[in-house]
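Me: I would like to learn how to read a structural model with care, one feature at a time. Could you give me the general idea for each feature and then show me the case at hand?

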Amino acid sequence: VKMARLASVPDIGLLALTPAGRTVAEVVIQGFSSALVAPRMAEAIAEVALFSGMTAEQASRLAAIGRVSRVAAGGTIFTEGQPSDAIYLVLSGTVSIVAGSESTPLGTVNRGDALGEVSLLADRPHSATATVTADAELAMLPGPEVQALIRRRPDIGVIIYNNPDATKCYIDPNLMKRIVQLPRIVGIKEN
């Protein structure tokens, strides 16, 4: 390939990616984002009670499926009755939880807390509405990807579902028995 030096930059008009090029660009950008965001999310995961007991490697695996988003004050994360699609970790900001037609305040979620986990793990619609009260940065762990990770890595599922924060959701007792038996089934020795 021979390179030529141009005296001026030619006007090539508006540049746009083809649909195939756009798909490739999105994958590359997601890869770069994951590389930058995953370590930060792994640190956040270590602070969340739901994930207590995870090794650094397990937290890194979970963080790799996450995405970070910013939500301005007044923004709604999810509404009561809506199907659950993710677990959210609050990286910064404050989220108010309300329920019922009267919007009865149930509590506030701050940095280091999770929300949406009860609905996702119990496979039920959200029982409350989550609204950002102070600009927030959230890590979102998409439900289908969390479930796929748990299928690939049952050791991670055992930690999540055996955690007291997870058992507060009303999980089918038969499902819980099967999950608790996973370490024995897959040959993981308990300490």
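Me: What pLDDT does the protein average?

Reply: The pLDDT is the predictor's confidence in each residue, from 0 to 100. Here the protein averages 80, and 74% of the residues score at least 70. This is a predicted model, in which local features need pLDDT of at least 70 and side-chain atom pairs count only at pLDDT 80 or more, while totals for chains, interfaces and linings use all residues. Residues are numbered from 1 along each chain as its sequence is written, and side-chain values use heavy atoms, with hydrogens and water left out.

Me: Where in the protein is confidence lowest, and where is it highest?

Reply: Helices (H or I, at least four residues) and strands (E, at least two) are DSSP runs, numbered from the N terminus. Confidence is lowest in helix α7 (residues 173-186), with a mean of 53, and highest in strand β2 (residues 76-78), at 96.

Me: How many helices and strands are there, and in what order do the elements run?

Reply: The protein has seven helices and six strands, and from the N terminus on the order is α-α-β-β-β-β-β-α-β-α-α-α-α. Contact means heavy atoms within 4.5 Å; among contacts between residues at least 6 apart in sequence, 75% join residues at least 24 apart.

Me: Which residues have the most contacts inside the largest nonpolar core?

Reply: A nonpolar core is a set of buried Ala, Val, Leu, Ile, Met, Phe, Trp, Tyr and Cys residues joined through side-chain atoms within 4.5 Å. The largest one has 27 residues, and those with the most contacts inside it are Ile-45, Phe-51, Met-54, Leu-62, Leu-89, Leu-141 and Ile-160. At least two residues of this core come from each of α1 (19-47), α2 (56-64), β3 (86-99), α3 (117-122), β6 (129-142), α4 (143-152) and α5 (154-162). Another core, of 15 residues, lies apart from it and includes Val-95, Ala-128, Val-132 and Ala-136.

Me: Why do the buried residues of α2 line one face of the helix?

Reply: An α-helix has 3.6 residues a turn, so residues three or four places apart point the same way. In α2 the buried residues are Gln-58, Ala-59, Leu-62 and Ala-63. Seen down the axis of α2, they fall within an arc of 135° (taken from the directions from the helix axis to the C-beta atoms), so they line one face of the helix.

Me: Is α5 mostly covered or mostly uncovered?

Reply: Helix α5 is mostly covered, with eight of its nine residues buried, among them Ile-156, Val-158 and Ile-160.

Me: How should I read the polar residues Gln-58 and Asp-155, buried or exposed?

Reply: Gln-58 counts as buried because its relative accessibility is 7%, and, not counting residues up to four places away in sequence, Gln-58 touches Gly-53, Arg-153, Asp-155, Ile-156 and Ile-159. Asp-155, found in helix α5, also counts as buried, because its relative accessibility is 17%.

Me: Which side chain does Asp-155 join through a polar contact?

Reply: A polar contact is a pair of N or O atoms within 3.5 Å; within protein, one must be able to donate a hydrogen and the other to accept it, and residues adjacent in sequence count only if both atoms are side-chain atoms. The side chain of Asp-155 makes such a contact, of 2.8 Å, with the side chain of Arg-153.

Me: What is the phi of Ser-103, and what is that of Asp-123?

Reply: Most residues other than glycine have a negative phi, and most peptide bonds are trans. Ser-103, in the loop between β3 and β4 (104-109), has a positive phi of about 50° although it is not a glycine, and Ser-103 is partly exposed, with a relative accessible area of 41%. Asp-123, in the loop between α3 and β6, has a positive phi near 55° and counts as exposed at 71% relative accessibility.

Terms used: Buried < 20%, exposed > 50% of the residue type's maximum accessible area, 1.4 Å probe, protein only.
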